[in-house]
Amino acid sequence: MKEVVILGAGYAGLRALHVLQGAKGDFHITLIDKNDYHYEATDLHEVAAGTQPRDRISYPIMDVVKTNKTTFVQKEVATIDRDQQVITFKDQTTSTYDYLIVALGFESESFGIPGVEEHALEMVDVDSAEAIYHHLLKQMQDYKQTKNPDLLKIVVCGAGFTGIELLGSLVENRKTFAKAAGVKPEEIKLYCVEAVTRLLPMFEEKLSDYGISNLVKWGVNFLTGKPIKEIKPGVVIYQTDVESGATEALSAKTIIWTTGVSGSHVMADSAFSARRGRVMVNQTLTDPEHDHVYVVGDVSAVLDPATNRPYPTTAQIALKMGQHAAKNILRQMNGEQPIDFHFESLGSVASIGNTHAFGLVGKMAVKGYPASFVKKAIMDRSLYQTGGVKEVLAKGRFDFYH
Ligand code: NAD
């Protein structure tokens, strides 16, 4: 009997599991994750801002495991030896495989900027997102005692999709923070420090401006064209002039780091040839050196023939890759050749709070309340593709505007 091992129970891993569990064949699946729950990474900003509890964006992995076909093992992967086909875990135990799907997801990227790891809050999983919310509440309660204005200041570093969505949710929950601090909502000061001046370049300027101008209207202070050079305790240092290298400092007790992501460190630790934790895979989604090893989701880079650059990492492409890798493994086990991956983006929509969003559906620009509906439909679709109807219902997702 062949052994198929899936590393990671994120979007890509669980989608692959779903396809494999639905297929007939003489094989067994082992699913491995360091947590016993799946979480929707696209919703972390809501947990960080406190607009959703962690339970609403996560569910137990065992909910989707068919025990007659699959064994779930809760362990943390340390390294993968592709020549020996052995996975070593942090606890030094090992597992072997015939076919492997590596779907180990993303980590925060500090770009080696001093002080980021020590003095900024990262938002990479449910624990770190929840820690941000608890940190925020603590700052607000401390303000009541000390009246230090820096306790009311929140800086989001980076205005990519993650930073923008987080700012939207922080605006939405400003009332809660204000109440905890005993101040008016407008006294909670929100900042976003961003290296470039043209924000969200994947959208045409009019559409990006719509999202940004709403956030500005709601009181977010954007400092754009200001690359962050260092984070000191309670201080963001950013460059104001490239030629002279002049910098300025912004003090705040909450500094959240959302300047981009890289793939899991396991890729570099396992000597995959990876750039920022992403392996440039074959068009079949296999590792160029091992045709029984599939690399999918945020640890993978697939060339977009239209731009000659890798597709951006999104939940949408991760789901598609997980599905494709599983189908290719089924083909290989049947003695057939794996087939190439093709991806057509359905578009991308960024939410700004619960009732506003903007983005592209296919090639069509959407914004405002209708866009927020589309966004929620997209989220339900991804929940459905990993967890099925049960999880969509369990999360009350048909009540779109919780
Ligand atoms: P990103 O790389 O898309 O954006 C990071 C931002 O931080 C950029 O604007 C960059 O200019 C800025 N930045 C980088 N270094 C900086 C520095 N030193 N100082 C100041 N600013 C700096 O990262 P992300 O927003 O985390 O998104 C990661 C991926 O996930 C992307 O592909 C994104 O499209 C995807 N994503 C999609 C959604 C969605 O579809 N709704 C939501 C979140 C993330």
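The centres of domain 1 and domain 2 sit 34 Å apart, taken over C-alpha atoms. Domain 1 covers 2–34 + 75–108 + 262–344, and domain 2 runs over 116–259; these bounds come from an automatic or database domain assignment. This is a predicted model, where local features need pLDDT of at least 70 and side-chain atom pairs count only at pLDDT 80 or more, while totals for chains, interfaces and linings use all residues. Residues are numbered from 1 along each chain as its sequence is written, and side-chain values use heavy atoms, with hydrogens and water left out.

**Nonpolar cores**
- The largest nonpolar core holds 57 residues, and Leu20, Leu31, Ile80, Leu100 and Ile101 have the most contacts inside it.
- Such a core is a set of buried (under 20% relative accessible area, 1.4 Å probe, protein chains only) Ala, Val, Leu, Ile, Met, Phe, Trp, Tyr and Cys residues joined through side-chain atoms within 4.5 Å.
- Helix H9 (residues 315–333) gives the most to this core, nine residues; helices here are DSSP runs of H or I, at least four residues, numbered from the N terminus.
- A second, separate core has 47 residues, including Leu137, Ala181, Val183 and Phe358.

**Around Ile101**
- Leaving out residues up to four places away in sequence, Ile101 touches (heavy atoms within 4.5 Å) a set of residues including Val5, Leu20, Tyr294 and Ile329.

- Strands (DSSP E runs, at least two residues) line up as S15-S16-S17 in an open sheet with antiparallel pairing.
- S15 (228–232) and S17 (247–251) are the edge strands, each with a single partner strand, so one side of each has no neighbour in the sheet.
- S16 (residues 235–239) and S17 pair over five bridges; pairing takes at least two DSSP bridges.
- Tyr238 has Glu248 in S17 as its bridge partner.

Methods:
Buried means under 20% relative accessible area, exposed over 50%, partly exposed in between (1.4 Å probe, protein chains only).
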